[in-house]
Amino acid sequence: ENKCGYSELYADGSSSDGDLSTETFTFESSSGRKLKIPNVVFGCTHKTGGGFGETASGIVGLGGGALSIIRQWTESIGGKFSYCVVPRDSNSSSTITFGSNAALSGNGVVSTPLIRQFPDTYYYVNLIGFSVANMRIPYKEISNLDNSFPNDTVTGNIFIDSGTMLTYVPLEFYQKLESDIIKTARGTRVTDPSE
């Protein structure tokens, strides 16, 4: 079954256009046997725009929404996944792991737990603060000025979205961050070329 679809992805203007279909996905698993997941809804992108660039081939739905592969594969992977994103110019490949092997461990490994809450499309994390050179800017202290960002460590205080290039923080926090960057950065400040 094929259906045409178009998705405008958040505030950075990126978009994806293509066909929506269903298929049985078959994977090799760590147990050595093949894992078959029937009736997986997926999209084939014909055209992308915005921040994807020429080398991108589409977007993987890892959010908590109904069409996310995480939700579709809940029985097979138990809602567990982890991914490591490396820089584009790296000689290594980014990896994604589903199921019980998704737990991250080892010497020097740093991970951030993802917190689920409403709306279920997003994952939230607890932003503690930013560091600029040897200065630390605590997020909780600054963001208390803005009641639209909860600071409860159980619910998370910001949501993340790997499908967008933009970062939004409360104005007071941004102004402190910008001020500390200006104090430590060596270089000539220029105006935004898009303005």
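Before the first stop, one term: a residue is called buried when its relative accessible area is under 20%, exposed when that area is over 50%, and partly exposed in between. Keep in mind, too, that what you are looking at is a predicted model.

**Stop 1**

Select residues 171-184, which make up helix α4. This helix has 14 residues and reaches 20 Å from its first C-alpha to its last, close to the 20 Å expected at 1.5 Å a residue. Now show the side chains of Phe173, Leu177 and Asp180: these are the buried residues of α4. Why do they sit on the same side of the helix? Because they cover an arc of only 65° around the axis. Turn to the other side of α4 and you'll find Leu171 and Lys183, both exposed.

**Stop 2**

Together they form an open sheet in the order β6-β7-β10, with antiparallel pairing.

**Stop 3: aromatic rings**

Time to look at rings. How many aromatic pairs are there? The count comes to 10. Start with Phe27 and Trp73, an edge-to-face pair with 5.2 Å centre to centre and 70° between the planes. The two come from distant parts of the chain, 46 residues apart: Phe27 is in strand β2 (residues 14-28), while Trp73 is in the loop between α1 (69-72) and α2 (74-77). Phe27 has 30% relative accessibility, so it counts as partly exposed, whereas Trp73, at 5%, counts as buried.

Now go back to the sheet and select Tyr124 and Phe159. Their rings are edge-to-face as well, 5.9 Å centre to centre, with 70° between the planes. Tyr124 lies in β7 and Phe159 in β10, so this pair ties together parts that are 35 residues apart in sequence. Tyr124 is buried, with a relative accessible area of 12%; Phe159 is partly exposed at 42%.

**Last stop: a ring cluster**

Finish by selecting Phe25, Phe27, Phe42, Trp73 and Phe98 together. Ring pairs link these five residues into a cluster.

Terms used. Residues are numbered from 1 along each chain as its sequence is written. This is a predicted model: local features need pLDDT of at least 70, side-chain atom pairs count only at pLDDT 80 or more; totals for chains, interfaces and linings use all residues. Side-chain values use heavy atoms; hydrogens and water are left out. Two strands pair if DSSP finds at least two bridges between them. Helices (H or I, at least four residues) and strands (E, at least two) are DSSP runs, numbered from the N terminus. Rings of Phe, Tyr and Trp (its six-membered ring) pair if their centres lie within 6.5 Å; planes under 30 degrees apart count as stacked, over 60 as edge-to-face and the rest as tilted. Buried means under 20% relative accessible area, exposed over 50%, partly exposed in between (1.4 Å probe, protein chains only). The expected span of a helix is 1.5 Å times one less than its number of residues. The arc is that of the directions from the helix axis to the C-beta atoms.
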